[in-house]
Amino acid sequence: MEEIQKLINELGGSQYKDKDTEHYSEEAVELLIKKIDNKSKEKTVIESNTLIYKTLADWSKVEDNRETIIRSPSNVIEKTFQLFEFLLPNGVETLNTETTVEQSELFSMICRLLGNLTYENAPNREFIFDKTPSILKYISSFVYQTKYQSLQRTSCAAIANLSSETDFIQLEFFKLGVVSILIDLICRESTTDEVNQMAIKAFNNLVDNENTQVDIHFKEIHRLLGQLKKSLNKEGYYENSFANDLVSSLSTLSLNKDLQKEILKEGFLNDLIELIEESNVHREMINQFEDDDIEKDKDISIAPSASELIFKLADNDDYRQYFYNKERDGKDSNNILDRMIKIMTSAPPAYKDGDSKAQLKALDVAKVKKNITKTIALCSLEDDVIDKFIKTPKIFVDLLVDTEDTERIVNGEMIIGNLARSEPNCRLLNSYNVIELIADIMKKFPNFQPIQHLGLSSIRNLTLPTINKGFKPSSTLMEDVVFNSKVHNQVIQFAALSLIKNFIGCDQSNLKLFLEFPNALQSLLDLANGRVPASMDESDEQEQLQLDDAKIQEIEEKFEEKENANEKTNEKDEKTNNNNEKKQSTKKDMRVIYEATRLLLRFLDNSELSNHQEKMKQLIEESVEPFFSLLQSPFPILQVEGAKGLVLLIKHDKQLFLSRPSWVKDLVEVLSLSIIPFQQLSREQTTITTDPNHQKLIAQIQSNCNFSTELQNVILSNIFYNFSLDESICKKMKDQNVISELKTLKSKQDAPQSLTNLIQKILVQLTI
């Protein structure tokens, strides 16, 4: 041993290392590794080996030395494996019976070396696993043994570093049973704090992999929770690394989809709420620290982490029921929603004068309230909680009052929008003047899109024509709508259009109000003509819809449901036509353009607006292309509205319509596509099936046929036939080959009789 110590002293000279970086040369590392004796059990040899491994472990704390040591020509990893095989022929059995104190100290130093070599070093982990994967078996056995706790601690530390962010090593340790033994070790009363500190770090890294979590159930979770509570009661949360790591492990495990249902069913939410309810005691333990020693960005209690986990659990739609079903024993005291509302609405804590930690404690409580409020907002998506929440509407309206907290506002808007699902609920909410309250908030935070989106959506639900007949928007609300019509976000644009539609549905006089409001008509025309950029493409629609993790259940009118069904029907037919499919896939999202154009139709169809000559002139001039876009949409219900819009434009300004060079071709193309629903109906009616969904499909196709029939009548009777009566226009139509086009259309298979009759009537007039 003296010889080894002398060598180490020599290697510490400037010849073998850089004084500034403590980086040892390859020669120094090689000289030391060669001295490892893996063929003797003599005490002096064991002690010499221990000193060598201790020195190598110390050197490997320097990052530059790790590469030099692990890839030394003498192969320290291979030598270590051979040493394990020689000293531990029977694994853990030998450890508990024959291993000496000196040998345990050697194994401890080996674990230190392996841990340091792999600290934040993925290549070294891979190297060890590729060269000697069986070495993990020996490290695992050190955790199993109970004779030497120091060895347990260092082996846990080695496992923590070896398995960090390395799934194949995590899985290998799992197969060796390390996950289960670590749980037992952590929960064992006799385990020292020093061992527990390393055991939880190893466990935390190992379970960062769903494949290593399969044997963990609520029983294990409950045991770990018990240890967490003991640790909190003893040391509090701040600077309690064991508690912090255990919370991290529990959070990871709780988000395992397979495990989640089991732990929620067994009352895990109750345990988490209890941690929050009991956190004041642990919060007060921060008083034992000096003010200057406290890191302001660290939580001082477990409550913020527990509440954040509750929020994450609530984000799973499938299991949200466990938030409003009474837990385990069914007692009112275990009603999770009531307890969360109590946390959210509780008064700010009062602290003694002169308490220098008062602000830290208040901030800790505020974090909890934020997370719980977000969770309640998610719960408001569920129908089963609406009756409960609407009994105390003021506590949710108050989330919007006298606050600069944007997250609080978003949650309040979300809850109110979800509560506004019925006429009685809306009347109750509107009694608090909530529409104007939200409108003022939107004006106050113009560039915060989640507030704008959820504010518009909430007001939309509160102003449905069936609920709020006669509603007239205030100047502030109109400003919000016009402003959001110009925002470069398709979701927000659509929400603004929904409000305009509601305003008109609530009271026709709002058409005049809108027309007279500054920039309102121009913003609508810009949307209808696709002049306002939109940041949301179809590919990232879902991400944009979930602004700031906020969701809202929006009430849709029946025509929107029909449009969805129409889209499915059209998609089915498009699969038979490769060209149409390619065209559809490259076409930009037109929903905002369609919806804005449908609103333009409301203005054109209202005779009371005729005295607004300048506005109507602008409306007519800028509506030609939008109505053609609506006519060329894939939905028969929208095609009809596009055709009706064109008929109204012709009545106001015939030449504006005729100046479009391709109008004949465009109309004939739409008429040709209008035959598709009849072809679909013929095909589906020959299918023999008892599937109720098939009957729904037929009903929807029949509805499309009805719209297509109306479309054909509007185009042929109100446009083509009327134009055929005008000699000058008739000549222009003939120049565009209209007779041949109509004859081709008339001869199409499955063309309905009503279509052929109308075409024949026009052909007669054209050939006179």
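Predicted model: local features only at pLDDT ≥ 70, side-chain atom pairs only at ≥ 80, totals over all residues.
**Entry: helix 3 and helix 5**

I looked up how helix 3 (residues 43–59) lies against helix 5 (residues 76–87). Their axes come within 14 Å. The crossing angle is roughly 145°. I noted the handedness too: helix 3 passes helix 5 in a left-handed crossing.

Next I asked which residues of helix 3 meet helix 5. On the helix 3 side I found Ile46, Asn49, Tyr53 and Leu56. On the helix 5 side they meet Val76, Lys79, Thr80, Leu83 and Leu87. I sorted the residues of this contact by type: six are nonpolar, two polar and one charged.

**Entry: helix 12**

I then turned to helix 12, residues 178–187. Is it mostly covered or mostly open? It is mostly covered, with eight of its ten residues buried. I listed the buried ones: Val178, Val179, Ile181, Leu182, Ile183, Leu185, Ile186 and Cys187.

What covers them? I found several helices, including helix 9 (135–144), helix 10 (149–163) and helix 11 (167–175). Helix 13 (193–206), helix 14 (218–235) and helix 15 (241–254) are also among the elements covering these buried residues.

**Entry: threonine 132**

Last, I checked threonine 132. I located this residue in the loop between helix 8 (122–131) and helix 9. Is threonine 132 buried or exposed? I count threonine 132 as buried because its relative accessible area is 5%, and the cut-off for buried is under 20%. I also looked up its contacts. Leaving out residues up to four places away in sequence, threonine 132 touches Ile77, Glu78 and Phe81.

Terms used:
Residues numbered from 1 in each chain as written. Heavy atoms only, no water. Buried < 20%, exposed > 50% of the residue type's maximum accessible area, 1.4 Å probe, protein only. Helix = DSSP H or I, 4+ residues; strand = E, 2+ residues; numbered from the N terminus. Contact = heavy atoms within 4.5 Å. Axes fitted to C-alpha atoms, helices over the stretch in contact; angles between N-to-C directions. Left-handed = near helix turned anticlockwise from the far one by under 90°. Nonpolar A, V, L, I, M, F, W, Y, C, P; charged D, E, K, R; others polar.
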